[in-house]
Amino acid sequence: MWRRALVCVAMVLASCANPRIWPEDRARACRIQVDEKFERVAFRPNSLASGAGTLSGAGQGFVAGLGFGYGAIIAAPIGLIVGAGYGTSCAAANARHPTADADFERLLQEADAHAMKRAIEAGLKAPRPECASASGEGHDAVVGIRHIEGGMACLHGRQEFTLAVKWRTVTAKGEVLNEATLQHASKSSRSVDEWFADPAEARKEIEAAYDQVGRWIAREFTGSG
């Protein structure tokens with residue numbers, strides 16, 4: 001039942017070097033060890049949710065408007081106004097939930113982040129033609145989960161949260177096959193109030209997000225999905 005609570009999931013790669021595992025490199029990573037190199041999951045506060053949400057929103061909207069090139073002379077001022085309004089609304093919503101940041105940070109620590117590693121290992125069990133002849137003890141590559149950071153969107157309507165996962169793959173010879181930051185966004189079917197009122201289900205939703213990210217990482221090697 002709890003898996004159906006995650007009604008919207010998005011994953012994108014942030015700007016980074018060698019974000020993907022290229023098909024020609026998959027044969028060099030057949031026997032993979034998954035290492036968790038992070039000490040704890042970090043919490044990333046939402047800058048729009050603070051008392052300075054109006055200014056932060058205005059700044060972000062203005063910068064976004066500048067991206068319109070020649071149209072920035074119109075878009076930037078509009079972005080500033082719209083951003084300021086959204087920042088004000090976000091800060092007001094956060095003020096109605098004064099313990100939300102602390103509660104979410106606690107849930108991040110309580111949720112089982114090892115679900116990501118288990119999902120990667122499970123996904124890597126899929127047979128791969130390029131690895132049919134791979135044998136021997138030990139491993140030929142290490143997938144390192146280097147950092148996990150979680151944060152919330154503005155506390156409007158249904159609960160939304162994000163995960164940013166830094167990971168990379170290094171061969172036994174020390175060659176870095178990829179280094180990436182994966183951004184994962186989840187939107188619950190439950191309202192913010194309902195989400196925080198049921199910590200057990202909230203943790204399950206966070207763990208489901210870990211599982212989704214782990215499966216995505218595994219598909220980088222198997223090429224499935």
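User: Which residues does Thr169 touch, not counting residues up to four places away in sequence?

Analyst: This is a predicted model, numbered from 1 along each chain as its sequence is written; local features need pLDDT of at least 70, side-chain atom pairs count only at pLDDT 80 or more, and totals for chains, interfaces and linings use all residues. Side-chain values rest on heavy atoms, with hydrogens and water left out. Contact means heavy atoms within 4.5 Å. With residues up to four places away set aside, Thr169 touches Ile21, Ala141, Val142, Val143, Glu175, Val176, Leu177, Asn178 and Phe221.

User: Is Thr169 buried or exposed?

Analyst: Thr169 sits in strand β5. Buried means under 20% relative accessible area, exposed over 50%, and partly exposed in between, with a 1.4 Å probe and protein chains only. Thr169 has 0% relative accessibility, so it counts as buried.

User: With which side chain does the side chain of Thr169 make a polar contact?

Analyst: A polar contact is a pair of N or O atoms within 3.5 Å; within protein, one must be able to donate a hydrogen and the other to accept it, and residues adjacent in sequence count only if both atoms are side-chain atoms. For the side chain of Thr169, the distance is 2.7 Å. The partner is the side chain of Asn178.

User: In what order do the elements of the protein chain run from the N terminus on?

Analyst: Helices (H or I, at least four residues) and strands (E, at least two) are DSSP runs, numbered from the N terminus. The protein chain has six helices and six strands. Their order is β-β-β-α-α-α-α-β-β-β-α-α.

User: Within what arc do the buried residues of α4 fall?

Analyst: Helix α4 covers residues 114-123, and Ala115, Met116, Ala119 and Ile120 are buried there. The arc is that of the directions from the helix axis to the C-beta atoms. Seen down the axis, the buried residues of α4 line one face of the helix, because they fall within an arc of 140°.

User: At roughly what angle do the axes of α4 and α6 cross?

Analyst: Axes are lines fitted to C-alpha atoms, for helices over the stretch in contact, and angles run from 0 to 180 degrees between N-to-C directions. The axes of α4 and α6 come within 7 Å. They cross at roughly 35°.

User: Which side chains make polar contacts with the side chain of Glu205?

Analyst: Glu205 lies in helix α6. It has 1% relative accessibility, so it counts as buried. Another, at 3.0 Å, is with the side chain of Trp195.

User: Which side chain is joined to that of Arg20 by a polar contact?

Analyst: Arg20 lies in the loop between β1 (6-13) and β2. Its relative accessibility is 36%, so Arg20 counts as partly exposed. A polar contact of 2.7 Å joins its side chain to that of Glu220.

User: How far apart in space are Asp101 and Pro45, C-alpha to C-alpha?

Analyst: Asp101 lies in helix α3 (residues 100-110). In sequence, Asp101 and Pro45 are 56 residues apart. In space, their C-alpha to C-alpha distance is 7.2 Å.
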